[in-house]
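Dear colleague,

I am handing over the structure we spoke about, and my notes on it follow below. Please read them with the model open beside you.

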Amino acid sequence: MNKILIRVYVPSLAKEFEIFICESQKMHEALPLISKAIEKISDEEYRSSGKEVLCTKKEGNIIDINFSACELGIHNGALLILI
């Protein structure tokens, strides 16, 4: 599995985190892993609710979790927002 490095901005913390995800994994599988990783990296400053959504930073579009990162055109260095 190829991995890509994404940047995830968390507005509630006003911080950005870098996380590796599998480019072929569906985002509905990756999203819980992303939120749990941020919870751990932030020393639980961020608390996952299980209802998070990812948006593109540039356009502000909500990411369709039924597609993989590759299908969505998410690439190394992509900046997403976790809300």
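A polar contact, as the term is used here, is a pair of N or O atoms within 3.5 Å, and within protein one of them must be able to donate a hydrogen and the other to accept it. In this predicted model, the side chain of serine 42 meets that description, reaching the backbone nitrogen of tyrosine 46 at 3.0 Å. Serine 42 belongs to the loop that lies between α1 (27-41) and β3 (54-56), and because its relative accessibility is 6%, it counts as buried. Leaving aside residues up to four places away in sequence, serine 42 touches Leu13 and Phe17.

Turning to the strands, β1 (residues 3-10) and β2 (residues 15-22) run antiparallel and are joined by 8 bridges, with lysine 15 in β2 as the bridge partner of valine 10. Their hairpin has 4 residues between the strands, and there alanine 14 takes a positive phi near 55 degrees.

The largest nonpolar core holds 21 residues, of which Ile6, Met27, Ile34, Ile38, Leu54 and Ile74 touch the most other members. At least two residues of this core come from each of β1, β2, α1 and β4 (79-82), and α1 gives the most, with 5 residues. Methionine 27 has contacts beyond four places in sequence that include Ile21, Leu54, Phe67 and Ile74, as well as Asp64 and Ser68.

As for the rings, a search of the whole structure finds 0 aromatic pairs, although the charged end of lysine 57 sits over the ring of tyrosine 9, 5.3 Å from its centre.

With best regards

Methods: Residues are numbered from 1 along each chain as its sequence is written. This is a predicted model: local features need pLDDT of at least 70, side-chain atom pairs count only at pLDDT 80 or more; totals for chains, interfaces and linings use all residues. Side-chain values use heavy atoms; hydrogens and water are left out. Buried means under 20% relative accessible area, exposed over 50%, partly exposed in between (1.4 Å probe, protein chains only). Contact means heavy atoms within 4.5 Å. Rings of Phe, Tyr and Trp (its six-membered ring) pair if their centres lie within 6.5 Å; planes under 30 degrees apart count as stacked, over 60 as edge-to-face and the rest as tilted. A charge sits over a ring if NZ of Lys or CZ of Arg is within 6 Å of the ring centre and within 35 degrees of the ring normal. Two strands pair if DSSP finds at least two bridges between them. A nonpolar core is a set of buried Ala, Val, Leu, Ile, Met, Phe, Trp, Tyr and Cys residues joined through side-chain atoms within 4.5 Å.
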